[in-house]
Amino acid sequence: MAASIRLLARRIVRDAFRTINSSVSVRIVSSSCPSNLSACRCFSDGAADKSTHFGFETVSEGEKAERVYKVFESVAQKYDVMNDAMSLGVHRLWKDMLLHVMNPQPGIRLLDVAGGTGDISFRFLNYVRSQQERVARRTARANQTPSWQEISTSYTTPTEGIEMETEARESRAVVCDINKEMLKVGKQKAESMGVSSGLSWVVGDAEELPFDDDQFDVYTIAFGIRNVTHIDLALQEAVRVLKPGGRFMCLEFSKVTNPLLARLYDAYSFQMIPVLGEVIAGDWKSYQYLVESIRKFPDQETFKQMIEDAGLFSVRYHNLTGGVVALHSGFKL
């Protein structure tokens, strides 16, 4: 309830600023061309709607948001298959590396933004479960020859306390995505894998997250931030919802550092990926956009600076596969 009220308040403030800016634009334009009011109104509307890129096209910000939504709505059912085909399965290693660097411990609360099909969240829960099993095995080995004091303690300690401690340390993952079709596919995967506990699905915009401040230990966004219209707003929202000491982690396509690999990568991207999209998913245009969006995304150092500008500290990045992908991370103090 509190999150909904907070979200509504932010929208009211944002809309108020837009209304003020729009009215100022109308007054300025109409003073310069009072004889043609309709033309002035048309000009002011165009000025108020800022332009951005959709792949290599220049479109309005509103149009980009709508077209990106339709892209992922179109590819949702074949998204995982296409990821394997486009990356030759290497995307699995990149995501495993993210979890290895994160090294989550039991009790961590994760927010996985633009995580529709749940790949990162499934890995997170499996990783934490393996950590818990490892601790349990160590404890079992240590208790194979218990002393009489330990035996006595085990009989006198209530099991309720143990259960409460285990429950308190349960890790949770929240998958947040603006696209309902992607979430639908993710839920279907969860059901087929038998994953239910510790996992939630929420429809939400990366630029305006439906969560209260200081809620999550880790924020992840994998191959999603380049599709956001206002990257700076998404980064600010990441900082807002992270707890003090929380970690931001972003896995995204980046700039290839090796010139030879860059040429091969460009040839493969533009000549093969749209073809795969047409053959496997029946959708050439969506995958043409995805390739172009990679080229429009900032390079490693520029994106690092953007993360720091948002208020995160100790920002670093690791190049994977020669810079085809970069893993950026930073902390909220």
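**Helix H5 and the chain around it**

The exposed residues Leu 93 and His 100 (exposed: over 50% relative accessible area, 1.4 Å probe, protein chains only) lie on the face of H5 that is turned away from its buried side. The model is predicted, with pLDDT of at least 70 needed for local features and 80 or more for side-chain atom pairs, whereas totals for chains, interfaces and linings use all residues. Residues are numbered from 1 along each chain as its sequence is written, and side-chain values use heavy atoms, without hydrogens and water.

Helix H5 comprises 13 residues (90–102) and spans 19 Å from its first C-alpha to its last, close to the expected 18 Å, the expectation being 1.5 Å times one less than the number of residues. Its buried residues (under 20% relative accessible area) are His 91, Trp 94, Lys 95, Leu 98, Leu 99 and Met 102. These are on the same side of H5 because they cover an arc of only 140 degrees around the axis, taken from the directions from the helix axis to the C-beta atoms. Asn 103, which follows H5, has a positive phi, near 50 degrees.

The chain contains 13 helices and nine strands, defined as DSSP runs (H or I, at least four residues; E, at least two) numbered from the N terminus. Of its 333 residues, 41% count as buried. Among contacts (heavy atoms within 4.5 Å) with a separation of 6 or more, 75% join residues 24 or more positions apart.

Gly 282 is located in the loop between helix H11 (259–281) and helix H12 (284–296). Gly 282 counts as exposed because its relative accessibility is 52%.
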